[in-house]
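Good morning, colleagues. I would like to go through some side-chain and backbone details with you; please bring the structure up.

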Amino acid sequence: MALARSSSAIAYPDRFYAAASYAGFGGSPKSSSSAAADGAISRFPNDVALLLYGLYQQATVGPCNVPKPRAWNPVEHSKWTSWNGLGNMASTEAMRLFVKILEEEDPSWYSRVADTKVEPVIDVEMNNPNVESISPPEEIYPETKTISTEKGSVLETQDKDVIMEGLGSVGVYDQWIAPSVSGQRPRPRYEHGAAVLQEKMYIYGGNHNGRYLSDLQVLDLKSLTWSKVATKASAGTFDPSSAVSLAPCAGHSLISWGDKLIMIAGHTKDPSETVAVKEFDPYTCTWSSLRAYGKAPVSRGGQSVTLVGTSLVMFGGEDATRSLLNDLHILDLETMTWDEIDTVGVPPSPRSAHAAAVHAERYLLIFGGGSHATCFNDLHVLDMQSMEWSRPTQQGEMPSPRAGHAGVTIGENWFIAGGGNNKSGVSETVVLNMSTLVWSVVTGVQGRVPLASEGLSLVASSFSGEDILISFGGYNGRYSNEVHVLKPSHKSTLQPKAVENPVPDSVAVPLPMKNTTRDVVTELESLQDGKIREIAIDNVDLDPLKNSDESTERLILALKSEKEELEAAVAKEQMHTLQLKQELADAVTRKTDLTKELQSVRSQLAAEQSRCFKLEVDVAELRQKLQTVEALEKELELLQRQKAASEQAALSAKQGQSSGGVWGWLAGSPPESKVNP
């Protein structure tokens, strides 16, 4: 499956010239003077076209030094205003803004122009909304296909050859695919933590060649681009007296809570006595330590941590002395208080590297895991209202024993991927319907691929309204840093044995069923089947072989009654259709009004942007004048000081002449004798 090339694959200024060529400005420095003057953009709104024109002129010609047009031409005046408003903006900055605005208006421009030489389009009057856009030659754009409704109204038009990017490249269901990712990939690892926050997958820590890691990596799920987060430590809000020490770790848990990430537990080189809880703020890129109260669990790794409401439920793991655990602890995130829970029933045996999930905000499910010599495939359920463990009966295709696997829930489905059994990696990806406790296999992988690994991570996201599973890393003889995605079908065929083998009444803890669209469809199908059976029974009673007048009359009356019912139903549907058409017409009218209003606002915004650019230029000039005034004031102050010093010197000299006898006597010279006339 081919993936689209990103526009960031080429550097500036070539990237700018490619964008300018696509927009209709020629695309080379030599053609800038002609194409920029005569090649305004007809396929974009007027305000966007004006802004692109000004940026193109600024990037290729420089600041506007042409006089304002004398003749009253709205188009030329708008062009000049847009260009002149940019002031002394640097050419490189204008190039970047040009490409940024084009990508906002047409994100797929690069895939359209990459292999095609685009000719400039013909200029049109930008301020005339009634003028139709003149499109480039047909070979510039890929062939399009139109999807229509049964009545012929167009639903949408799609490009036939447009290549999807990111998660949109996943076009098949129930198959793992390795999409193309960009950016610097993280170091290969396993036993790391992973969580999704604001359409980004964060990866923290892990194990590589026996060394613990402490880096925080993020994958943008929209563009599938890797980047490293430059984190810093700060004093936490709950413990302002101490700063966080970000020790490398593995086997920890990473949970998204609100708009932050919570990291809990994990193996470190110098483990503490109890489990530590740390918080990462993606807005400030800072780690902080959260002070917890109550009896904290002993330090461990390989545990499971599940978010249930406003609490974190921790089960099992392996402590610093490699002792396996099966204790249960709950951390209330609102009060930051630990509670060690005493349960009833038979708990799971001590284990680590298992998977856990919550169903209906009440039932905690524990699957698989391993001890030092054995891997498990048992399923345990904890009713968190009664705190009672049970081991319910499972149905469907039972998964094989495994440890080091990863799980994620989507609705009532719990997907499990990866893991190993002390001999090899597990290749099957399975799903458990948590309402019916029916297992089924989603897909399998071949060979030593990262999906058949231990210590991988598995998270869920969505794209265009469809759920997507994303896996990363793992170890199956070699360390992996690859990303794989799977789009589950969510079809009823995922549970083919649920109808054949319903969950018996002997299940220890019956999990509540949820009303889904699939259940409604099944119910409707069963009602239709019942109606068909009812009609079939009526047909048997009205056997035409009797050839009796009474049977014929009853058949005619039944057909007339059914006809009247159908006519009434058709009339009702016609009325409903008319109402929908009226609502659709009103919606179209509202949309047209909103579109006009949006265009008006955009025009005003373009004018305000030009005005802002001009004001910025005026402010810069005023600042320069202010600096000149300040220099003059300093020079004036210096002159005033010199003048005052001169006056003071003159005054001192005058006073010295009047009292020269005393000073002369002190100096040893006789005073001047007065001569009598």
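**Rings, charges and backbone**

I begin with a charge and a ring: the charged end of R351 lies over the ring of F376, at 4.3 Å from its centre. Here a charge sits over a ring if NZ of Lys or CZ of Arg is within 6 Å of the ring centre and within 35 degrees of the ring normal. K487 is placed likewise over the ring of Y173, its charged end 5.1 Å from the ring centre.

A word on the basis: this is a predicted model, in which local features need pLDDT of at least 70 and side-chain atom pairs count only at pLDDT 80 or more, whereas totals for chains, interfaces and linings use all residues. Residues are numbered from 1 along each chain as its sequence is written, and side-chain values use heavy atoms, with hydrogens and water left out.

Let me turn to the aromatic pairs. Across the whole structure, a search finds 13 of them. The rings of Y190 and Y479 have centres 5.8 Å apart and planes at 50°, so this pair is tilted. By definition, rings of Phe, Tyr and Trp (its six-membered ring) pair if their centres lie within 6.5 Å; planes under 30 degrees apart count as stacked, over 60 as edge-to-face and the rest as tilted.

Where in the chain do Y190 and Y479 lie? Y190 belongs to the loop between β2 (154-159) and β3 (193-196), and Y479 to the loop between β30 (466-472) and β31 (483-486), 289 residues apart. Strands (E, at least two residues) are DSSP runs, numbered from the N terminus. Y190 is buried, at a relative accessible area of 16%; buried means under 20%, exposed over 50% and partly exposed in between, with a 1.4 Å probe and protein chains only. Elsewhere, ring pairs join F16, Y17, Y56 and F98 into a cluster.

Next, the backbone. Most residues other than glycine have a negative phi. D174, in the loop between β2 and β3, has a positive phi near 60°. A360, in the loop between β20 (355-359) and β21 (363-367), also has a positive phi near 60°.

Finally, I262 lies in strand β10 (residues 260-264) and is buried, at 1% relative accessibility. Beyond its neighbours within four places in sequence, its contacts (heavy atoms within 4.5 Å) include W257, V277, L312 and L333.

Terms used:
Helices (H or I, at least four residues) and strands (E, at least two) are DSSP runs, numbered from the N terminus.
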